Amino acid sequence: MKEYNKFFGVDVSKGTVDIVFTDKQSTIHERFLNNASGMDKLKDWLVLNKASPDDSLFCMEATGLYCFTLTHFLCSKNIDVWVEHSAAIKKATVMTRGKNDKLDAQRIALYATKNLDRLRLWRPMSNTLEKIKHLATLRERLVDAVKRLKVPIQEFEQVGNLPMAKLIYKSVKKTLSALDKDITSVESQIIQIVNEDENLKRLYRIITSVVGIGFVTAINLMIHTQGFTIMNDSRKLACYCGIAPFEYSSGTSIRGRTKVHHMANKKLKCNLHMASLSAVRLDPGLKIYYERKVAEGKNKLSVLNAVKNKLLARVVSCVNNERTYLR
């Protein structure tokens with residue numbers, strides 16, 4: 001591992017980035033605009049503080065799109081970036097009091113200096129996957145809009161007020177139709193982008209060859225693993241998705257049931273749940289496994305969780321061996 005001497009803790013917001021620089025001699029705080037002009041000033045500030053790619057590390061919480069400008073600027077300067085989950089930083093600094101942007105940046109810098117054993121350097125996503133990611137997010141918003149419009153219709157139907165349900169449906173019928181067309185269009189664009197990239201096209205074919213894994217799950221797996229370049233271990237991926245079971249026991253008095261952890265990528269967890277429901281219907285082997293375990297008295301959700309792990313293991317194995325799943 002590279003030996004770092006200069007640590008930069010960053011608190012990122014929509015409009016600004018607060019940076020606390022610390023080394024063995026001093027601690028300095030500065031605020032910059034979260035845009036191109038702010039990055040120009042940051043460049044001069046880095047020169048002033050003699051920050052170089054050889055000994056500098058920037059650490060920040062994952063804040064989605066707000067990190068984009070800063071991470072890509074630092075990457076262009078070949079400076080190492082560590083984007084950490086906010087819960088990990090919060091847990092490590094749980095006893096601290098007070099909160100403001102400067103303090104948050106200072107805590108992140110302190111976290112980086114004390115937890116280098118957890119370091120995972122950030123790498124930019126390819127332009128192709130970046131496009132797919134944003135289109136997939138747009139699709140989710142469109143799907144959510146459809147669900148929100150359909151909720152009152154379904155609620156009136158459930159209570160037996162059919163005239164009101166029909167009236168509301170008539171009012172939003174054109175909107176629902178337009179949204180459905182937009183969803184279909186976005187999905188077509190995603191598939192087109194995938195097909196234009198030979199590597200992603202091959203990867204998509206391999207992933208969807210596993211029974212139960214469809215378009216949405218495959219695309220999200222490709223996005224969150226960056227084409228399985230940053231995560232290709234089934235156990236680690238299962239943990240990331242929140243489907244890996246963990247034992248909860250201590251001594252002879254505490255014997256908690258084995259369960260999954262609440263910290264997870266909820267999107268992938270939901271995708272895999274839907275995939276497991278499809279798999280126990282369409283895959284004869286998994287259907288027999290599911291029915292046998294349920295007949296033995298196992299909880300249905302626990303059995304489905306085991307199916308999720310099996311599906312994920314199949315996907316990772318096929319990707320690592322560069323072959324489609326043999327049914």
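This is a predicted model: local features need pLDDT of at least 70, side-chain atom pairs count only at pLDDT 80 or more; totals for chains, interfaces and linings use all residues.

Residues are numbered from 1 along each chain as its sequence is written, and side-chain values use heavy atoms, with hydrogens and water left out.

**Overall chain**

- The protein chain has 12 helices and seven strands, taken as DSSP runs numbered from the N terminus (helices H or I, at least four residues; strands E, at least two).
- The C-alpha trace spans about 70 × 60 × 45 Å along its principal axes, and of the 327 residues 38% count as buried (buried is under 20% relative accessible area, exposed over 50%, partly exposed in between, with a 1.4 Å probe and protein chains only).

**Largest pocket**

- The largest pocket has a volume of about 2300 Å³; a pocket is an open set of points on a 1 Å grid over the protein atoms alone, with protein on both sides within 12 Å along at least five of seven lines, whereas a cavity is a set of points where a 1.4 Å probe fits but cannot get out, and lining residues have an atom within 4 Å of a point.
- Grid points are joined across faces, edges and corners, and a volume is the space filled by probe spheres set on the points.
- Its lining comprises 49 residues, of which A62, V83, H85, R120 and Y240 lie nearest the centre of the pocket.
- α5 gives the most to this lining, with seven residues, and the elements that each supply at least two residues include α5 (127-158), α8 (215-224) and α9 (234-241).
- The lining of the largest pocket divides into 23 nonpolar, 14 polar and 12 charged residues (nonpolar: Ala, Val, Leu, Ile, Met, Phe, Trp, Tyr, Cys and Pro; charged: Asp, Glu, Lys and Arg; polar: the others, Gly among them).

**Largest cavity**

- The structure holds one cavity of 30 Å³ or more, and the largest cavity has a volume of about 50 Å³.
- A136, R139, E140, I190, F215, V216, I219 and N220 line the largest cavity, and the elements giving two or more residues to this lining are α5 and α8.
- α8 provides the largest share, four residues.

**Surface residue**

- L65 lies in the loop between β4 (56-61) and α2 (68-76), and L65 counts as exposed because its relative accessibility is 61%.
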